[in-house]
Each structure stands twice: as C-alpha cells, then as structure tokens.
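Subject: Structure for you to look at

Dear colleague,

I am handing over the structure below, and I would be glad if you opened it before reading my notes.

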Amino acid sequence: MFDKVKKNGTEQLGKTNRIVEGTSIIGDIVSKADFRLDGELIGNFTSQGKLVIGASGVIKGEIICNNADIEGEFHGKIKVLEILNIKATARIHGEVAVGKLSIEPGAEFTATCTMLKSNNEVTNKDGKGAQQKQAE
C-alpha cells in the first residue's frame, strides 16, 4: 500500500561504529554514522554524525563532525558544527571551533576557541565574522 522510500541519510540513524579500548589506529577515519572511540587514533576523523571519545579514548589529529562528547583525551584541531560537550574527565589541547560549547567543571581545556555562526562562519573576538579569502 505504501512505498518505502529511503530518505537521504536516514539509513545511518541508530548505527554506531566503535573502536574499543586497546585498539590503535594510525590513519584517517571517514564515517557517515555516529562513532564511539575508546581506543587510540593518530590521524584525522571526519563524520556527518556524532563522535564520542570515551574516558580511555585518545585522538591526536584533526576532527570535523556535527556533534561530539569528549570524556578522554584530544590533541589537535577540532571543528564541531553543532554542540561539543566536554566532560569532567576530558583533556583538550589545541584549537577548537564550535557552534555551541559545554564544559563540565574539572575538565582540562587548554585550547583556543572560536564560535561558529549558524552558517559555519568563524566569529572573531570582536564578534564580527571572519571573511573567507578566495583563492585566485
């Protein structure tokens, strides 16, 4: 009676990739689904979903994702388009660009932080958007 039509991106909802404690990856990870990392990643991570770095998780590299929860350790550059939740056990070192930021008391946050506007434009300290230079 009804035709089942898949909507773009909905086939990944509810699916989570997982790297368990004791696993080390050297290289880049690209995922459309949510991802939980309790092991170690030395490299870059890109996802259209949510990234969770567990208490034993460590990432050294660059992250780009929609949402993130960090309980473990991160060194590098991170861009979270929506909400970044930093838990009390987290250790963050590097550069952070976020839509919204939540930091629990006790977290170690040694980073520069810029807030993104809704169109993912970086906001400077004076509140004005940084102009994107186009390559000629």
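What follows is a short account of the salt bridges and of one surface patch.

Please keep in mind that this is a predicted model, in which local features need pLDDT of at least 70 and side-chain atom pairs count only at pLDDT 80 or more, while totals for chains, interfaces and linings use all residues. Residues are numbered from 1 along each chain as its sequence is written, and side-chain values use heavy atoms, with hydrogens and water left out.

The structure contains five salt bridges, a salt bridge being a side-chain nitrogen of Lys or Arg within 4 Å of a carboxyl oxygen of Asp or Glu. In one of them, arginine 18 meets aspartate 38 at 3.0 Å, N to O. Arginine 18 is exposed, at 54% relative accessible area, whereas aspartate 38 is buried, at 7%; here buried means under 20%, exposed over 50% and partly exposed in between (1.4 Å probe, protein chains only).

Another salt bridge joins lysine 50 and aspartate 69 at 3.1 Å, N to O. Lysine 50 is partly exposed, with 31% relative accessibility, while aspartate 69 is buried, with 12%.

A further salt bridge, at 4.0 Å from N to O, brings together glutamate 104 and lysine 87. Both partners are partly exposed, glutamate 104 at 33% relative accessibility and lysine 87 at 26%.

Finally, Leu101, Ile103 and Met115 form a nonpolar patch on the surface, that is, residues with over 30% relative accessible area and no salt bridge, whose nonpolar side chains (Val, Leu, Ile, Met, Phe, Trp, Tyr) are joined within 5 Å, like charges being joined within 9 Å. Leucine 101 itself is partly exposed, at 32% relative accessibility.

Best wishes

Conventions. Areas by Shrake-Rupley, 256 points an atom, 1.4 Å probe, with all protein chains shown as cover.
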